[in-house]
Amino acid sequence: MRIDIITVLPELLESPLNHSIMKRAKTKGLLEVNLIQLRDFTTDKHNTVDDYQYGGGAGMVMMCEPIAKCIEQLKSERHYDEIIYMTPDGETLTQKNLNGFSLLKNIIILCGHYKGIDERIRQLYITKEISIGDYVLSGGELAAAILVDGIGRLLPGVLNDETSALTDSFQDNLLSPPVYTRPPVFNGLAVPEILLSGHELKIQEWRYEQAIERTKTRRPDLLKD
Ligand code: 6GU
């Protein structure tokens, strides 16, 4: 999969996308992430990407021309399955979105700043608008890093058995059950006996019950559908 990220702050994305699972996905050739500096598509000497908003009001707006030029160039090189704009007024990201995105071949992610981007770019180019939750960040970069991480770990071959995505919370609308490792007793707290029993079927049953219980108490909304 190829992900092209358009941003004025590529530095913000470098570290999160070059460690751990994301690093492995790239090294294995399963994920290619390109950071594209939007300022490279400006024509003035100050590399301006934003301007005052029509109608007045506080906050700058990201201009049409650099973004359009950048997207047009990318689109002339290959077909994109989605052009995603990271914005707090987008659709809230869920595991279901991630599963869908992980099946795509080429996507563009556009990171917004300031008051956002000119509405006409959204009309002309954007195919999906994604938010990571009901709060506001200073830019779309950290949200984009979360989106790419969530997609990258789902690509076939990235995770092994130990890190399998199939048993993640949310994959079946259930939170994950509690997990334990050594020692068997810590500060007087023992690991549930069933986990030491070696009885695989019973362990599976226990984990399923715990997942239901945990979801009921913490996220009853997930059990509604
Ligand atoms: Cl995608 N961008 C910004 N700036 N803030 C957010 C967000 C995105 N999702 C939640 N808050």
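## Ligand shell

A residue counts as near a molecule or strand if one of its heavy atoms lies within 4 Å of it. The model is predicted: local features need pLDDT of at least 70, side-chain atom pairs count only at pLDDT 80 or more, and totals for chains, interfaces and linings use all residues. Residues are numbered from 1 along each chain as its sequence is written, and side-chain values use heavy atoms, with hydrogens and water left out.

Around the ligand stand M86, T87, P88, I130, S131, I132, G133, Y135, V136, L137, G139 and A143. This shell holds 8 nonpolar residues, 4 polar ones and no charged ones. Nonpolar here means Ala, Val, Leu, Ile, Met, Phe, Trp, Tyr, Cys and Pro; charged means Asp, Glu, Lys and Arg; the others, Gly among them, are polar.

## Strands in the shell

Strands are DSSP runs (E, at least two residues), numbered from the N terminus. β5 (82–92) and β7 (128–131) each give the shell at least two residues. β5 provides the largest share, 3 residues.

## Polar contacts and cover

A polar contact pairs N or O atoms within 3.5 Å. A ligand nitrogen lies 2.9 Å from a polar backbone atom of I132. For S131, a polar side-chain atom is 3.4 Å from a ligand nitrogen. At G139, a polar backbone atom is 3.5 Å from a nitrogen of the ligand. The protein covers 96% of the 290 Å² of accessible area that the ligand has on its own (Shrake-Rupley method, 1.4 Å probe).

M1 sits in the segment before β1 (2–7). Leaving out residues up to four places away in sequence, M1 touches L30, L31, E32, F101, L104, K105, I107, I151 and L155 (heavy atoms within 4.5 Å).

Conventions
A polar contact is a pair of N or O atoms within 3.5 Å; within protein, one must be able to donate a hydrogen and the other to accept it, and residues adjacent in sequence count only if both atoms are side-chain atoms. Helices (H or I, at least four residues) and strands (E, at least two) are DSSP runs, numbered from the N terminus.
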